[in-house]
Amino acid sequence: MAQLGSGALVVALALAVYGIVAGVLGARRRIPELVESSIRAVWGVTALILVAVVTLLTAFLTHDFRLEYVFGRSSRDMPIYYVAAAFYGGQEGSLLYWAMIAGVLSSLAVYLHRKRDRALIPYVAATVLSVQTFLLFMLTFIASPFTLLPMRPADGQGLNPLLRDPGMILHPPFLLGGYASFTVPFGFAMAAMITGRLGDDWIRAIRRWSLVAWGILGVGLLFGAWWAYHVLGWGGYWGWDPVENVALLPWLTATAFIHSVIVQERRGMLKVWNMALIVASFALSIFGTFTVRSGLISSVHSFAISPIGPWFLGYLAVVVLVSVGLLIYRLPGLQSDRAIESVVSRESGFLLNNLLFTAMAFATFWGTVFPLVTELIRETKLTVGPPFYRQVNGPLLFAMMLLMGVGPLLAWRRSNTGLLLRNLLWPGVAGIASGIVMAVVLGHILAAASVAVTVFAVGTIVLEYVRGARVRRRTTRESYPLAVAMLVRKNGRRYGGYIVHLAVAIMAIGIIGSTFFQVERQYTLQPGQSGTIGPYTLTYQRLDNRVNAQGQAVVAVVDIAKNGEPRGTVESKRFFYRNYEDQPTAEMGIKTIGIDDVYVVLDQWDENGTASLRFYINPMVSWIWVGGAVYVLGMVTVLWPAPQPARRPVTRPVREAALSEA
Amino acid sequence: MKRSILVSILIVLGLLLMPTLAAAEETLSPEALEIAGSLNCPVCEGLSVRDSNSQLSQDMRAQIQRMLDEGKTRQEVLDYFVERYGIGILREPPKEGFVLTLWWGPVIGLAVGVLVLATFMVQRRARRERPDRESSASDDADDLRAYEERLRRELDRMDAPAP
């Protein structure tokens with residue numbers, strides 16, 4: 001079994017190297033057969049990686065503990081879904097997973113674009129294969145998941161307890177998948193720079209692929225937040241932990257890209273910038289993988305430390321050097337076709353958006369690596385915790401929300417200021433009114449101002465839908481709901497984008513509520529005693545000791561009453577898994593009552609049942625998860641293929657004409 | 001000699017621990033929790049003293065509460081821990097000395113960004129080849145209809161299939 005897996009990887013490595021040579025040679029010497037061969041190499045490498053994946057999964061499911069990787073990460077008593085998830089529970093498996101996602105997506109991309117982007121494809125194939133070469137080299141020589149133990153142990157050690165959680169089944173594959181998906185846009189960017197075909201082709205080709213990567217990574221981040229909220233017990237969902245931060249970085253640069261690429265499509269500007277953003281997103285994905293795997297920066301994720309860090313750092317350096325070198329070489333070809341005409345225009349709105357997103361990425365990066373810098377230079381250990389990010393990124397988020405409210409109303413090239421102000425009137429009034437109401441009700445100016453900008457942004461979105469529907473109705477006489485539905489269906493990119501904006505606003509409400517109005521109390525209670533927090537009375541009933549196949553759980557049972565009225569029971573648990581007794585994990589007791597999450601943490605306990613419990617009220621947190629669902633909806637809408645209109649033939653001249661009109 | 005040092009350390013440790021164990025039964029006040037939340041657990045990875053379950057953090061929480069009960073202020077408690085564990089114990093690094101680089105970094109970054117953006121805009125506008133001959137009249141018409149007209153044109157354009 002193991003030989004099959006490692007054999008497949010070795011053959012894949014050789015094939016990848018061959019494919020690079022074939023692609024480059026084929027393109028240079030104009031030998032179509034070699035180019036075709038290189039494309040087939042992409043597919044072949046992916047097929048071989050899939051063979052290795054299936055082999056490893058089979059080894060897990062059949063409990064083949066001869067494999068060191070299987071032995072170290074699973075055991076017979078684990079439920080089957082955790083056994084399967086253990087596949088990406090360690091560095092070797094997660095690298096294999098990375099290679100698989102990169103392989104599947106690049107195979108698909110090469111298949112879909114091989115006819116239309118004939119000139120780019122050989123170099124796209126060569127680039128993605130060079131990424132695969134690095135990964136396969138690591139998987140073969142540095143971190144093989146198919147290393148055998150001298151004998152077959154009877155049972156495995158089991159998965160790291162922190163990973164035995166539903167959130168952990170979902171968070172790593174999406175996050176790693178998001179990282180890996182940036183391989184495709186990166187491949188096209190490199191191909192464009194190598195061939196010097198810097199026109200619209202590569203931008204058109206990667207638009208969807210960058211959206212896919214951005215979407216998957218976003219979902220991964222959300223699952224991570226959800227996991228942290230349910231398991232880590234700090235009462236929050238985002239701790240500005242270094243590994244969270246580095247995962248946020250490519251998402252931020254990708255968000256900047258999916259906005260600024262619109263400017264390039266419509267106005268032929270920002271070519272250098274867009275190229276840089278794509279390269280940065282890919283490089284930051286490598287950096288993210290590297291940080292979680294190197295233990296470079298102290299983090300809650302440090303169970304994943306391994307010696308592959310230096311290799312990743314080296315690869316990262318190569319990627320950055322090569323792409324920056326190419327970018328500088330191609331600078332003359334990346335001049336803008338047109339100029340900015342007015343400061344009050346959609347173009348400058350997008351530019352401002354990019355400024356804010358890159359500023360946030362920079363601030364987050366700066367805070368994340370700063371302790372490293374001080375340790376090297378000043379030999380002082382320093383911690384950059386949540387307060388820094390709150391104070392620095394908070395104002396940036398505020399400005400983003402404001403811009404999100406103004407941006408959609410700006411016209412391309414030049415906005416009529418009077419018209420713009422009139423369009424902003426109602427969202428502005430709604431925002432200011434809700435701000436005043438909130439200031440009176442909550443007595444918190446900062447929170448009220450944040451609510452005000454959020455309502456303002458939502459106002460603009462609603463207005464955009466109403467206007468769009470009205471425009472449709474004028475020609476089609478549809479009913480309003482149908483008009484809105486058709487609007488979204490036919491202009492998925494624009495109106496799906498607004499759905500994502502709406503998701504951001506919903507999440508913003510959740511973030512405002514939980515950041516400014518979290519309440520926390522700590523009580524040491526005997527069974528039967530209760531503690532109060534806000535309008536809630538929490539009665540500690542008993543401490544249960546439950547044993548199951550995987551280990552044992554200590555469970556505090558707590559009754560919740562609001563204003564004296566019983567509102568149900570929660571259980572806050574601590575798990576002690578076999579082989580990992582010194583690493584207890586937890587599942588928080590969470591009950592959503594109205595807008596509040598009542599959140600119970602079991603801190604300490606003793607044998608006669610006295611428990612030290614921490615209670616939180618986290619207002620509005622459920623809005624973040626709702627916002628997450630809306631984000632997915634918006635992402636799917638944006639990606640959903642637009643219907644083919646029968647009245648307009650798809651010819652390039654027409655499109656060119658339409659673009660030059662812009 | 002060595003042994004006696006070891007023994008005395010153990011005794012001191014024992015003395016340090018004893019009141020803590022008793023104090024662990026005490027409820028932590030919200031202020032103590034807040035202070036614990038702003039301190040970094042010295043033996044954990046990326047957790048605050050408030051959120052860590054390590055023995056040291058439990059002791060530190062109790063210590064914070066005891067100092068508050070003695071009438072010490074928030075700043076005095078923080079200073080006490082900084083003196084013992086160094087500046088790295090604070091989750092919010094102080095805005096002084098070389099740590100100012102941390103706080104000013106993003107501000108400078110943003111300023112540079114604004115500068116680049118401003119230069120880009122000014123330069124681009126100066127280089128504009130010719131006045132805007134395609135400027136449609138409707139864009140200037142001070143009317144909501146103008147906006148809707150523009151939207152209609154944009155939607156029409158987007159009706160073209162995604163390439």
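# Chatting through a two-chain model

Mentor: Let's start with a helix pair: the axes of helix α18 (residues 492-516) of chain A and helix α19 (residues 621-639) of chain A come within 8 Å and cross at roughly 170°. Keep in mind that this is a predicted model.

Trainee: Okay, so are α18(A) and α19(A) roughly parallel or roughly antiparallel to each other?

Mentor: Roughly antiparallel. Angles over 145 degrees count that way, and theirs is roughly 170°.

Trainee: And how do the residues of that contact divide into nonpolar, polar and charged?

Mentor: For α18(A) with α19(A), you get 16 nonpolar, nine polar and one charged.

Trainee: Is Met620(A) buried or exposed?

Mentor: Buried, with a relative accessibility of 13%. The cut-off for buried is under 20%, so Met620(A) at 13% makes it.

Trainee: Which loop holds Trp240(A)?

Mentor: Trp240(A) is in the loop between α9 (200-231) and α10 (242-267) of chain A. Trp240(A) isn't a glycine either, yet it has a positive phi of about 50°. And with 15% relative accessibility, Trp240(A) counts as buried.

Trainee: Switching to strands. How many bridges join β3(A) to β4(A)?

Mentor: There are 12 bridges between strand β3 (residues 536-548) of chain A and β4(A), and the two strands run antiparallel. To pick out one pairing, Arg546(A) has Ala553(A) in β4(A) as its bridge partner.

Trainee: Then what does β4(A) pair with on the β5 side, and in which sense?

Mentor: β4(A) pairs with strand β5 (residues 565-577) of chain A, in the antiparallel sense, over 11 bridges. Here you can look for Ala561(A), whose bridge partner in β5(A) is Pro566(A).

Trainee: What is there between β4(A) and β5(A) in their hairpin?

Mentor: Two residues lie between those strands, and Asn563(A) in this hairpin takes a positive phi near 50°.

Trainee: Why is β4(A) described as largely enclosed by the rest of the structure?

Mentor: Because nine of the 12 residues of strand β4 (residues 551-562) of chain A are buried.

Trainee: New topic: Ile20(A). Which helix is it in?

Mentor: Ile20(A) lies in helix α1 (residues 2-28) of chain A. With a relative accessible area of 22%, Ile20(A) is partly exposed.

Trainee: Which residues does Ile20(A) touch?

Mentor: Leaving out residues up to four places away in sequence, Ile20(A) touches Ala126(A), Leu129(A), Ser130(A) and Thr133(A).

Trainee: And how far apart are Ile20(A) and Asn245(A)?

Mentor: From C-alpha to C-alpha they are 34 Å apart in space, and in sequence they are 225 residues apart.

Trainee: How many of its residues count as buried?

Mentor: In chain B, 36% of the 163 residues are buried. The accessible surface of chain B is about 9,300 Å², and 61% of that belongs to carbon and sulfur atoms.

Trainee: What about contacts between residues 24 or more positions apart?

Mentor: They account for 46% of the contacts in chain B that have a separation of 6 or more.

Conventions: Residues numbered from 1 in each chain as written. Chains lettered and ligands numbered in written order. Predicted model: local features only at pLDDT ≥ 70, side-chain atom pairs only at ≥ 80, totals over all residues. Heavy atoms only, no water. Buried < 20%, exposed > 50% of the residue type's maximum accessible area, 1.4 Å probe, protein only. Contact = heavy atoms within 4.5 Å. Areas by Shrake-Rupley, 256 points an atom, 1.4 Å probe, with all protein chains shown as cover. Helix = DSSP H or I, 4+ residues; strand = E, 2+ residues; numbered from the N terminus. Pairing = 2+ DSSP bridges. Axes fitted to C-alpha atoms, helices over the stretch in contact; angles between N-to-C directions. Parallel < 35°, antiparallel > 145°, perpendicular 65-115°, else oblique. Nonpolar A, V, L, I, M, F, W, Y, C, P; charged D, E, K, R; others polar.
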